[in-house]
There are 2 protein chains.
Amino acid sequence: MSQDPTPPDAGADLVRAAIDLLAERGPQALQARRLAIAAGTSTMAVYSRFGGMPELVRAVAREGFARLCAHLKASPQTDDCVADLLKMAGAYRQNALENRHLYQVMFGLDESGAQSDTAEGRTAFGYLLRAATRCIDAGRLDQAPPLTVAAQLWSAMHGYVLLEMAGYFGTTGATDVLPSLTTNLVIGLGDLPERARASAAK
Amino acid sequence: MSQDPTPPDAGADLVRAAIDLLAERGPQALQARRLAIAAGTSTMAVYSRFGGMPELVRAVAREGFARLCAHLKASPQTDDCVADLLKMAGAYRQNALENRHLYQVMFGLDESGAQSDTAEGRTAFGYLLRAATRCIDAGRLDQAPPLTVAAQLWSAMHGYVLLEMAGYFGTTGATDVLPSLTTNLVIGLGDLPERARASAAK
DNA sequence: ATCCTGCCATAACACTGTTATAAATCTCGA
DNA sequence: TCGAGATTTATAACAGTGTTATGGCAGGAT
């Protein structure tokens, strides 16, 4: 009944090596030979296990979404649903900045994989959708299709994170843009300004 | 005093060919040999004119930002500054969707070269900044640093455009997300809800 | 035991950006 | 006008990439 402590799964090893090298050396480290050496195998494993580099990169992206889901899942759920929503945005940003290269791979369409619209992405989106639905059901946000509400929030978070990572909000004093952005958006979605700002202050 | 009708500038020819091939064949068409053939020269021109492919790609990105600036500049300027702002968001989206691959190159999402914080990007941002400042000065938006106001608007626009291009808002009924997003954000930034929605209806 | 299937290591292929070399072209001052 | 110097270009080669061919190896089913 006992498993090997480290079942040598070349596929998982490759993904692990890819994520590690991605964090340390950046996207240009996602190369078949380099990953094979790091995983202690040869380039053929990339093909017998994944069929090619694009599929391996997609597996990396899946793992990235899994990490994002874990971050969002750990975001608190209190009696102030709007505060929870704003905190979730902060968790989203934190996860993206801590795994910046991975985040780019998750949304990057790199010529072969066309990384669009993955099932894992929709799972992560589900957490945001749930938090938004709570706010609507609680009457904090106007009645509106939760899908479009969550889509607006996701757009804001995603856009802010990418621009911050690109350095556009670097050191020019435009700090705390994300809290303002999400708070203002929540106000536009129907929450009372004072209540929203109080929730943001938490 | 008369110029040649078509002064054969290999540098400009390469950028033109790059932008054309980018639109037709996608990012994987940005290759030295392919561009050289399309521009009627050889790969060495890439190095004598630009110093390498990364520099050429950055020139392409500059041209992309120039097109974006042209689109934003053409956005109307009426007596309803908030309506102008919302229309500018629509123009931003339109430009991005009509040049989707170019848009990705502008922000370096095609793994080629970490395109961060270009001067041309800041020029385009200037148009948004000006439109936001008008709204603040006109009293439609709350007094706040125009930089952070424009940063919030840009984040929303950028994020929405990328997610739409990735297909996440594909056909699942989440239509008209951008107008709602920008309108709601403007409300959160201080505009009266009815006035904002009236401006959006224009 | 035998065959078979899947996986892996080595090496080769086609392709990429880049560089070396030499010829062609342009620049510009005498 | 000219001609030396500098720049650009075309050709070919180099180092690197993803991918594919070719054997060899292990493990399981019959």
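Q: How do the residues of the surface near DNA strand D divide by class?
A: In this predicted model, the surface near DNA strand D has nine nonpolar, five polar and four charged residues.

Q: What makes a residue count as near DNA strand D, and which are the closest?
A: A residue is near when one of its heavy atoms lies within 4 Å of the strand. There are 18 residues around DNA strand D, and the closest are A:Gln31, A:Arg33, A:Met53, B:Ser42 and B:Ser48.

Q: What makes the approach of A:Arg33 to DNA strand D a polar contact?
A: The cut-off for a pair of N or O atoms is 3.5 Å. A polar side-chain atom of A:Arg33 lies 2.8 Å from a base nitrogen of DNA strand D, so the pair counts as a polar contact.

Q: Which element gives the largest share of the surface near DNA strand D?
A: It is α3(B), with four residues. At least two residues each come from α2 (32-38), α3 and α4 (53-74) of chain A and from α3 of chain B.

Q: Which residues are closest to DNA strand C, and how do the classes divide there?
A: A:Thr41, A:Ser42, A:Ser48, B:Gln31 and B:Met53 are the closest of the 18 residues around DNA strand C. The classes are nine nonpolar, five polar and four charged. The largest share of this surface, four residues, is supplied by α3(A).

Q: How do you know that the length of α4(A) agrees with its number of residues?
A: Its 22 residues, at 1.5 Å a residue, should span 32 Å, and the end C-alpha atoms are 32 Å apart, so the two agree. The buried residues of this helix include A:Met53, A:Leu56, A:Phe65 and A:Leu72. Its buried residues pack against α1 (10-25), α2, α3, α5 (81-98), α6 (100-107) and α7 (119-137) of chain A.

Q: Why is the pair of A:Tyr92 and A:Tyr103 called edge-to-face?
A: Ring centres must lie within 6.5 Å, and planes over 60 degrees apart count as edge-to-face. Here the centres are 5.9 Å apart and the planes are at 85°, so the label applies. A:Tyr92 is in helix α5 and A:Tyr103 in helix α6 of chain A, eleven residues apart. Both A:Tyr92 and A:Tyr103 are buried.

Q: Why is the pair of A:Phe107 and B:Tyr168 called tilted?
A: The centres are 6.3 Å apart and the planes are at 55°, which is between the 30 and 60 degree cut-offs, so the pair is tilted. A:Phe107 lies in helix α6 of chain A and B:Tyr168 in the loop between α8 (146-166) and α9 (177-188) of chain B, so the pair joins two chains. Both A:Phe107 and B:Tyr168 are buried.

Methods
Residues numbered from 1 in each chain as written. Chains lettered and ligands numbered in written order. Predicted model: local features only at pLDDT ≥ 70, side-chain atom pairs only at ≥ 80, totals over all residues. Heavy atoms only, no water. Nonpolar A, V, L, I, M, F, W, Y, C, P; charged D, E, K, R; others polar. Polar contact = N/O pair within 3.5 Å; in protein donor to acceptor, adjacent residues only side chain to side chain. Expected span 1.5 Å × (residues − 1). Buried < 20%, exposed > 50% of the residue type's maximum accessible area, 1.4 Å probe, protein only. Contact = heavy atoms within 4.5 Å. Phe/Tyr/Trp six-rings, centres within 6.5 Å; stacked < 30°, edge-to-face > 60°.
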